[in-house]
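Me: I am new to this structure and would like to work through it by questions and answers. Please show it first.

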Amino acid sequence: TKLFLLGDVVNLGYKESRWTFIDTALALARTRGFNAHAILGNHEVMGRAPLGERNFQTRFPDHVRTGYVVRKDSIAVVLLNSNFQKLSKADVALQNAWYARTLAELDSAADVRTIIVCCHHSPYSHSKMVGSSPAVQQHFVAPFLKAGKTSAFISGHAHMFQHFRSGSKH
């Protein structure tokens, strides 16, 4: 069983004390058979970003800061880093190239029926607090809409349920 956390797992990820509750929750989830996968939110990289990322990586060792895929049966979940202000231009280019290549490979894979794309910042949001992310729109939405097997784009930044649709894609 898979568990996906879409960022803001803790506030101020550089502070070890902020991880106490999530460490307990992750240990319980893992003893119950869940494999936990996560992406960085803005709260993990607030303040001392390198230390926050290091603490995050310790808890989620399969995480790759420039994108990774988790597959379950015929579903592929693509996890992306939308903390563009914390990524170098080279990292953004690397992630964009990886994302395009990965979507193409998954589209042509006979054993993949659907692709779900996830990042922390919402491409579109009604939230007056955080709003929409033009950078996510620019880097992630067009490839998502173009790919044949993508069905859902899920984000976590707004901390609320919102649903948008473009044709058959959610």
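Predicted model: local features only at pLDDT ≥ 70, side-chain atom pairs only at ≥ 80, totals over all residues.

Me: What is the angle between the planes of F56 and F60?
Reply: Rings of Phe, Tyr and Trp (its six-membered ring) pair if their centres lie within 6.5 Å; planes under 30 degrees apart are stacked, over 60 edge-to-face, and the rest tilted. Searching the whole structure gives five aromatic pairs. One of these is the tilted pair of F56 and F60, with 4.9 Å from centre to centre and a plane angle of 40°.

Me: How many residues apart in sequence are the parts tied together by Y124 and F164?
Reply: The ring centres of Y124 and F164 are 6.3 Å apart and their planes meet at 55°, so this pair is tilted. Helices (H or I, at least four residues) and strands (E, at least two) are DSSP runs numbered from the N terminus. Y124 belongs to the loop between β5 (114-119) and α4 (134-146), and F164 to the segment after β6 (150-155), so the distance in sequence between the parts is 40 residues.

Me: Which residue lies over the face of F144?
Reply: A charge sits over a ring if NZ of Lys or CZ of Arg is within 6 Å of the ring centre and within 35 degrees of the ring normal. Over the face of F144, at 5.5 Å from the ring centre, lies K169.

Me: Which side chain of opposite charge is nearest to K149?
Reply: K149 is placed in the loop between α4 and β6. In charge terms, Lys and Arg count as positive and Asp and Glu as negative, with His and the chain ends not counted. A salt bridge requires a side-chain nitrogen of Lys or Arg within 4 Å of a carboxyl oxygen of Asp or Glu. Although buried, K149 has no salt bridge, and at 5.6 Å the nearest side chain of opposite charge is D107.

Me: Which residue has its backbone oxygen 2.7 Å from a polar atom of the side chain of K149?
Reply: A polar contact is a pair of N or O atoms within 3.5 Å; within protein, one must be able to donate a hydrogen and the other to accept it, and residues adjacent in sequence count only if both atoms are side-chain atoms. For the side chain of K149, the backbone oxygen at 2.7 Å belongs to V112.

Me: How many residues apart are E16 and R59, which meet in a salt bridge?
Reply: The side chains of E16 and R59 form a salt bridge at 2.5 Å, N to O. E16 is in the loop between β1 (2-5) and α1 (20-31) and R59 is in helix α2 (residues 49-59), so that distant parts of the chain are linked across a separation of 43 residues.

Me: What is the relative accessible area of R59?
Reply: R59 also meets D23 in a salt bridge at 2.8 Å, N to O. D23 lies in helix α1 and R59 in helix α2, so this pair ties together parts 36 residues apart in sequence. At 30% relative accessibility D23 is partly exposed, whereas R59 is buried, with a relative accessible area of 9%.

Me: Which side chain makes a polar contact with the side chain of D111?
Reply: D111 is found in the loop between α3 and β5 and, at 48% relative accessible area, is partly exposed. Contact means heavy atoms within 4.5 Å. Leaving out residues up to four places away in sequence, D111 touches R71, D73 and S74. The polar contact, at 2.8 Å, is with the side chain of R71.

Methods. Residues numbered from 1 in each chain as written. Heavy atoms only, no water. Buried < 20%, exposed > 50% of the residue type's maximum accessible area, 1.4 Å probe, protein only.
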